[in-house]
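The structure under discussion is shown first.

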Amino acid sequence: MKNDKKGPQYRVNEQIRVREVRIVGDGGSTVVPTRQALDMARQQGVDLVEISPNANPPVCRIIDYSKFLYQQKKRAKELKQKQVRQEVKEIRFGPQTDDHDYNFKLKHAKEFLEEGNKVRAYVFFRGRSILFKEQGEVLLLRFANDLEEYGKVESMPSLEGKKMFLYLSPKKTAIVKKSQQKRDNERREAEAKEAERKSKEQATETLEGNEGELPANGGLFANIKGGEELLKKLKGEEAEG
């Protein structure tokens with residue numbers, strides 16, 4: 001039994017000095033004296049590991065301590081991978097942004113919010129363009145209104161130096177991005193299913209065109225998944241008829 005100095009520490013074997021413990025396992029749980037639990041662990045050649053010290057009585061598992069630590073690290077890693085990292089994406093405007101540029105940036109902002117990221121939109125006033133700060137405020141308010149279905153306003157437009165900021169946070173649950181490999185695999189699976197469906201439809205049309213006569217050698221059935229079994233079944237139904 002090895003003691004891992006990293007991460008949370010667990011009391012093991014003789015370190016557990018309470019009167020009784022609750023043993024949990026695949027078959028359920030049972031409360032036994034701690035000494036009995038230690039004997040059970042020794043008989044199995046493993047350890048008695050306290051996993052919930054604040055319960056009454058404390059909860060323990062009979063398991064190899066090194067294996068237990070490995071399972072804990074693996075579980076923590078999986079949870080971390082499932083967490084969606086939220087980033088702050090910036091969208092920059094000029095005080096006189098045209099409609100084409102505005103719509104292009106609006107599209108990107110929708111994507112950012114759908115992915116669970118925050119959006120920091122700002123209007124940059126260069127030189128004397130600061131005179132158009134009201135125009136910049138109107139632009140940001142229009143931006144927030146157009147994104148009403150995707151995000152909520154965290155703070156109204158505010159001027160900081162030569163920049164006027166607007167902050168938006170996502171409304172819906174973040175969508176985890178799929179890797180390119182996963183998208184390719186899903187596309188290939190969909191194409192294979194579609195090809196199989198078309199093959200079956202073609203086979204059905206061939207049967208109907210032959211007025212109920214079944215090809216002796218399997219014909220088109222030999223080229224589709226499960227075709228031979230389907231052919232046998234249809235021949236059996238024809239014989240019974």
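Val 119 is buried, its relative accessible area being 1%. In this predicted model, Val 119 belongs to strand 6, which covers residues 118-124. Its C-alpha lies 4.9 Å from that of Lys 89, although 30 residues separate Val 119 and Lys 89 in sequence. Beyond neighbours within four places in sequence, the contacts of Val 119 include Ile 91, Ala 109, Phe 112, Phe 143 and Leu 168.

**The nonpolar cores**

Val 119 is also among the residues with the most contacts inside the largest nonpolar core, which has 19 residues; Ile 91, Phe 93, Leu 140, Phe 143, Leu 147 and Leu 168 are the others named with it. Two or more residues of this core come from each of strand 5 (88-93), helix 3 (99-114), strand 6, helix 4 (133-146) and strand 8 (163-170). Helix 3 gives the largest share, five residues. Another core, of ten residues, lies apart from this one and has Ile 16, Val 21, Ile 23 and Ile 62 among its members.

Leu 140 touches Phe 93, Ala 121, Tyr 122, Val 123, Pro 157, Met 164, Phe 165 and Leu 166, when residues up to four places away in sequence are not counted.

Ser 169 is located in strand 8. With a relative accessible area of 6%, which is under 20%, Ser 169 therefore counts as buried. With residues up to four places away again set aside, Ser 169 touches Leu 113, Lys 118, Tyr 150, Gly 151, Lys 152 and Glu 154.

**Aromatic rings**

The model contains seven aromatic pairs. In one of them, the ring planes of Tyr 10 and Phe 68 stand at 85°, so the pair is edge-to-face. This pair links distant parts of the chain, 58 residues apart: Tyr 10 is in the segment before strand 1 (20-25), and Phe 68 is in helix 2 (residues 65-82). Tyr 10 counts as buried at 16% relative accessibility, as does Phe 68 at 2%.

Phe 93 and Phe 143 also form an edge-to-face pair. Here strand 5, which holds Phe 93, is linked to helix 4, which holds Phe 143, across 50 residues. Phe 93 is buried at 2% relative accessible area, and Phe 143 is buried at 0%.

| Ring pair | Centre to centre | Angle between planes |
|---|---|---|
| Tyr 10 and Phe 68 | 4.9 Å | 85° |
| Phe 93 and Phe 143 | 5.1 Å | 75° |

Ring pairs also join Tyr 10, Tyr 65 and Phe 68 into a cluster.

Technical notes: Residues are numbered from 1 along each chain as its sequence is written. This is a predicted model: local features need pLDDT of at least 70, side-chain atom pairs count only at pLDDT 80 or more; totals for chains, interfaces and linings use all residues. Side-chain values use heavy atoms; hydrogens and water are left out. Helices (H or I, at least four residues) and strands (E, at least two) are DSSP runs, numbered from the N terminus. Buried means under 20% relative accessible area, exposed over 50%, partly exposed in between (1.4 Å probe, protein chains only). Contact means heavy atoms within 4.5 Å. A nonpolar core is a set of buried Ala, Val, Leu, Ile, Met, Phe, Trp, Tyr and Cys residues joined through side-chain atoms within 4.5 Å. Rings of Phe, Tyr and Trp (its six-membered ring) pair if their centres lie within 6.5 Å; planes under 30 degrees apart count as stacked, over 60 as edge-to-face and the rest as tilted.
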